[in-house]
Amino acid sequence: MKGSTSSAERIIVAIDEVSKDKVDRIIDATSPFIGIYKIGSIAFTAFGPRLIDEIKNRNKEVFLDLKYFDIPNTVSKAVEQAAAYGVRMLTLHTLGGKEMLQAAAAANRGRATLLGVTVLTSFDTAGLRRVGIEHETDAMVERLALLARDAGIDGLVASGHELVHLRKITGDSTVIVVPGIRLEQPSPADDQKRVVSPRGAFDAGADYIVIGRPITDSRDPAKVLRDISDSLKQ
Ligand code: C5P
């Protein structure tokens with residue numbers, strides 16, 4: 001594992017929930033182990049910016065995963081607002097193109113870590129073909145990663161499967177965050193097509209991993225986190 005940061009500080013819990021009771025239960029159970037919570041379009045639509053404030057009031061950081069993808073003017077103004085909330089990380093779709101990514105980086109002014117989403121982990125090559133993209137997933141990820149780097153984006157969201165290659169082409173300074181984590185096989189992949197274990201992701205060079213349902217749908221989220229910690233020590 002890279003650097004001296006402990007594994008717990010590198011695990012991000014995705015809160016994709018609409019019940020405030022459940023959100024509170026998840027945070028209560030996991031906050032002794034977790035420093036960053038990811039709020040995506042589900043929880044942000046349900047609760048708005050007050051959830052960001054609540055998490056920050058617990059001395060935890062927020063990864064705001066709204067995956068902006070629009071014309072440069074719209075995205076840059078949205079990034080300006082999001083960065084002003086004091087979030088630690090923000091996402092954009094690299095498919096939005098170089099001008100959009102550059103406008104976002106300029107609006108962010110170095111505040112949040114800007115992460116480019118390359119190919120969603122729910123996609124595989126057949127799924128790309130169906131939307132008219134003829135590249136293999138790996139080639140598409142590489143192309144988008146280089147575009148993001150050249151546009152001044154700080155890091156990438158990527159599947160564990162292309163991590164080793166991505167590290168080689170982007171170098172160590174790029175922050176790589178890996179969702180699509182499943183604990184051990186067989187476990188339900190849900191709608192994820194390209195899954196990897198926590199250990200597999202860190203060994204391949206992830207800086208952070210994002211885990212949602214394996215923790216949030218568990219009856220004992222703290223135990224899942226302890227098991228992950230143990231698997232990382234082995
Ligand atoms: O529940 P699960 O562990 O599959 O959650 C993964 C989280 O990471 C979800 O919030 C999803 O939106 C997000 N994500 C992803 N693939 C990406 C980018 C983000 O699964 N490429």
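Student: Where is Val195 found?
Tutor: Val195 is in the loop between strand E7 (175-178) and H9. Keep in mind that this is a predicted model.

Student: Is Val195 buried or exposed?
Tutor: Buried. Its relative accessibility is 18%, and the cut-off for buried is under 20%.

Student: How far apart are the C-alpha atoms of Val195 and Val178?
Tutor: They are separated by 9.6 Å. Along the chain, the two residues are 17 apart.

Student: Stay with Val178. What is its bridge partner in E8?
Tutor: Ile209. E7 and strand E8 (residues 208-211) pair in the parallel sense, over 2 bridges.

Student: Which strands make up the barrel?
Tutor: The order is E1-E2-E3-E4-E5-E6-E7-E8. That is a closed barrel of 8 strands with parallel pairing. On average, neighbouring strands of this sheet are turned by 25 degrees against each other, direction ignored.

Student: What holds paired strands together in general?
Tutor: Strands of a sheet pair through backbone hydrogen bonds, either parallel or antiparallel.

Student: Which strands does helix H3 lie across?
Tutor: H3 (residues 49-57) lies across strand E1 (11-15), strand E2 (36-40) and strand E3 (61-68). Against E3, the helix runs at about 155 degrees.

Student: Back to Ile209. What is it in contact with, leaving aside neighbours within four places in sequence?
Tutor: Arg10, Ile11, Ile12, Val178, Ile181, Pro198, Ala201 and Phe202. So the bridge partner Val178 is on that contact list too.

Student: How many residues are in the largest nonpolar core?
Tutor: It has 59 residues. Ile39, Leu64, Val79, Leu90, Leu92, Val178 and Ile209 have the most contacts inside it.

Student: Which helix gives the most to this core?
Tutor: Helix H7 (residues 137-150), with 5 residues.

Student: And what does the second core include?
Tutor: Ala14, Val117, Val157 and Val177 are among its members. This core is separate and has 11 residues.

Student: New topic. How many salt bridges does a search of the whole structure find?
Tutor: It finds 18. One of them joins the side chains of Glu17 and Lys22, at 3.4 Å from N to O.

Student: Are Glu17 and Lys22 buried or exposed?
Tutor: Both count as buried. Glu17 has 10% relative accessibility, and Lys22 has 18%.

Student: What is the N to O distance for Asp24 and Lys20?
Tutor: 2.8 Å, in a salt bridge between their side chains. The two are 4 residues apart in helix H1 (residues 20-30), so about one helical turn separates them. Asp24 counts as partly exposed, at 25% relative accessibility.

Student: What about Arg199 and Asp203?
Tutor: They form a salt bridge too, with the closest N and O atoms 3.0 Å apart. They sit 4 residues apart in helix H9 (residues 198-203), which means a separation of about one helical turn. Arg199 is partly exposed, with a relative accessible area of 30%. Asp203 counts as exposed at 52%.

Student: Which residues are joined into one network?
Tutor: Lys20, Asp24, Arg50 and Glu54, through salt bridges that share partners.

Student: Last one. Where is Ser76 found, and what is it in contact with?
Tutor: Ser76 is in helix H4 (residues 72-84). It counts as buried, at 16% relative accessibility. Leaving aside neighbours within four places in sequence, Ser76 is in contact with Ala103, Ala104 and Ala107.

Key:
Residues are numbered from 1 along each chain as its sequence is written. This is a predicted model: local features need pLDDT of at least 70, side-chain atom pairs count only at pLDDT 80 or more; totals for chains, interfaces and linings use all residues. Side-chain values use heavy atoms; hydrogens and water are left out. A salt bridge is a side-chain nitrogen of Lys or Arg within 4 Å of a carboxyl oxygen of Asp or Glu. Buried means under 20% relative accessible area, exposed over 50%, partly exposed in between (1.4 Å probe, protein chains only). Contact means heavy atoms within 4.5 Å. Two strands pair if DSSP finds at least two bridges between them. Axes are lines fitted to C-alpha atoms, for helices over the stretch in contact, and angles run from 0 to 180 degrees between N-to-C directions. A nonpolar core is a set of buried Ala, Val, Leu, Ile, Met, Phe, Trp, Tyr and Cys residues joined through side-chain atoms within 4.5 Å.
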